[in-house]
Every structure is written in structure tokens, then in C-alpha cells.
Amino acid sequence: GGEEGAHPHDQLDLPTLKSFTKPFLLADMGDKGAKSIERLRALQQARHADGHSQAPQEEVDALEELSGYLELPPADDSSQLPRGCFRLIARILAQWPVASWGPILDVLRLLLLYSPVNRHYAASTGNPIPIIVRRCLTKHDAPRLVQIRALFVASNVFAHDEGAQAVIREGYGASVLEPCLELVGHEDLATRMTAAAVLYNTARLLPSGEDIEVLQLASGLAHHLGTKKDTETAFRLLLALAQLAHRNSAACSLLQSLAFDPEGVEVDGSDDKVKAIGKELRMMMDAQS
């Protein structure tokens with residue numbers, strides 16, 4: 001974000017903030033989705049066995065194609081995912097119970113790292129990301145594995161600009177922010193860190209000025225930083241807050257009115273980088289007044 005024209009923040013030395021120019025992603029390809037595709041195959045067979053039928057050939061083929069697609073790592077010239085795969089993913093999300101979504105979310109997290117897939121979903125009316133967010137993050141009945149994998153999907157949608165801009169443009173930013181603010185207080189470390197990653201990824205792209213989403217997110221982040229956190233979660237939340245405050249007078253004024261102290265954030269463990277970003281945020285708040 002950032003306001004037009006010269007701003008008092010332009011004179012500040014902000015090395016920590018400036019060194020983070022990319023979203024936080026879960027880019028590790030792991031086993032390239034092999035285990036999850038195996039699991040999908042087993043679930044697919046079980047569903048059809050219950051109905052005394054066979055899995056349609058196109059579904060069987062689509063799983064094969066998914067497997068083949070994920071064999072090649074994401075590249076600038078990645079080809080588009082076959083259409084049958086998109087249809088299969090849509091069908092699973094529409095027909096399977098949420099408790100069985102774990103493997104398809106794992107596959108989707110990987111697919112979003114490929115720019116053609118990311119772009120396809122960003123432009124599509126059938127974009128599954130808002131549905132996944134609503135179903136797995138805003139409702140509290142999804143199993144923990146499904147919830148964490150939904151968070152990985154929500155962070156990896158930011159891997160490419162089109163997917164990221166669609167989050168902001170479609171306005172489901174707000175439906176992502178609320179559950180993620182809640183989940184940064186979760187007992188599970190991976191859940192906290194990934195929720196904080198999604199908040200940071202969103203903060204990087206929100207418009208500047210007195211935009212209501214910006215101010216709500218800033219006050220939510222400040223509130224959550226009031227309780228002790230692990231180092232990485234605290235760092236990501238402060239980094240998100242620094243992103244919102246940078247060249248944004250309204251956000252800085254809000255933090256001052258909340259009497260938020262970025263240098264007083266308590267963490268478990270080493271706090272060097274937390275102190276560094278806290279100090280830069282303090283400089284921005286002070287340059288405001």
C-alpha cells in the first residue's frame with residue numbers, strides 16, 4: 001500500500017520491512033502429492049463401492065493426469081492443468097464431506113504454485129478458494145488436518161499476482177482475515193504460523209488510507225500482539241502491521257490511539273527479529289505525529 005506523493009516515512013531507514021518483498025508460501029513440493037492422490041483414489045473407490053458402482057473412467061484418468069502434472073516442478077512455462085482435473089476437483093469439493101477434503105486440499109496447495117492453475121482460478125467464477133475458506137476456516141467443525149491444509153491453500157493462492165489480486169478484488173479478503181486473526185491464537189504452532197502468513201500476504205496488498213479493511217486488520221493485529229506469542233508468529237504479525245502502517249497515516253494514528261507498543265511485544269524464545277521490526281514500526285508511528 002502507501003499514499004501518493006512524499007510521505008514522512010520516506011526518510012526512514014526500514015531494512016527489515018524492506019527486505020520482505022514476497023509472500024509467505026508453503027512451497028515445499030514434498031512427495032509431489034503422491035500420498036494424497038493415493039488417498040483420493042482409495043476414497044473414490046470406497047464411495048463407488050458403497051453405491052455398488054465403478055468410478056467413472058474420466059475420474060480415474062483425472063487422478064492419473066494430476067499425478068503426472070505434479071511430477072514437473074512449477075516453472076515459468078508450466079503447461080495448463082488438463083480440464084478433467086479441474087472438473088474432478090470441483091466435483092470432490094461439491095460432493096464429498098468436508099472431513100474428507102484433506103487430500104484434495106493438499107493437492108490444491110501444490111497446484112496453486114503453478115501460474116497457469118493460479119491464473120485459471122483467479123479468473124474463474126468457479127474459484128474454489130472462497131468456498132474452502134468459508135467451509136474450513138469460518139466454521140469450526142472441520143478436522144484439524146483439513147483446517148491447516150485450508151490455511152496452506154489460503155497462503156499459496158498468493159504465489160502469483162493474479163490469484164492474490166483476486167482475493168482482494170473479490171472482497172473475500174474479509175472472510176479470510178477474521179478466521180485467521182482468531183487462528184493466530186491457536187494452540188498448534190503450524191496453524192498459528194500459517195494464519196499469520198495469510199494475514200501478512202493480505203496486508204501486503206490492501207489499499208492504503210482509511211480503508212475499513214486496513215483499519216480493522218490493524219486493530220485486530222495490535223490486539224493479538226498484546227498476548228505472548230512464539231517468535232515466528234509474532235514476527236509475521238508485526239511484519240503485517242508494519243506493512244499496513246507504512247506510508248499510511250490513518251493506520252499509524254489508529255495504533256497511537258490504541259496505545260500500541262510495538263517494542264513491548266512478548267515472545268517465547270529469541271526475539272532479535274521481533275525487536276528489529278518492532279523498532280521500525282515504532283519509528284513509523286513516531287514519524288507520524
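Which residues line the largest pocket? The model under view is predicted: local features need pLDDT of at least 70, side-chain atom pairs count only at pLDDT 80 or more, and totals for chains, interfaces and linings use all residues. Residues are numbered from 1 along each chain as its sequence is written, and side-chain values use heavy atoms, with hydrogens and water left out.

**First selection: the largest pocket**

Select Arg-83, Phe-86, Arg-87, Ala-90, Leu-93, Ala-94, His-120, Tyr-121, Ser-124, Gly-126, Pro-128 and Ile-131, which line the largest pocket. On a 1 Å grid over the protein atoms alone, a pocket is an open set of points where a 1.4 Å probe fits, with protein on both sides within 12 Å along at least five of seven lines; lining residues have an atom within 4 Å of a point. The space in this pocket is about 240 Å³, a volume being that filled by probe spheres set on the points.

Colour next by helix (a DSSP run of H or I, at least four residues, numbered from the N terminus). At least two lining residues come from each of α4 (83-95), α6 (115-123) and α7 (128-138), and α4 gives the most, with 6 residues. The lining comprises 7 nonpolar, 3 polar and 2 charged residues. Here Ala, Val, Leu, Ile, Met, Phe, Trp, Tyr, Cys and Pro count as nonpolar, Asp, Glu, Lys and Arg as charged, and the others, Gly among them, as polar.

Axes are lines fitted to C-alpha atoms over the stretch in contact, and angles run from 0 to 180 degrees between N-to-C directions. Asn-118, Arg-119 and Ala-122 of α6 make the contact with Glu-162, Gly-163, Ala-166 and Arg-169 of α9, where contact means heavy atoms within 4.5 Å. By class, this contact has 2 nonpolar, 2 polar and 3 charged residues.

Move to helix α13 (residues 231-245) and helix α15 (residues 272-288), which pack at an angle of about 20 degrees with axes 9 Å apart. That makes α13 roughly parallel to α15. Residues to display in the contact include Phe-235, Leu-238 and Leu-239 of α13, and Ile-277, Leu-281 and Met-284 of α15. The residues of this contact divide into 11 nonpolar, 2 polar and 2 charged.

Notes
Angles under 35 degrees count as roughly parallel, over 145 as roughly antiparallel, 65 to 115 as roughly perpendicular and the rest as oblique.
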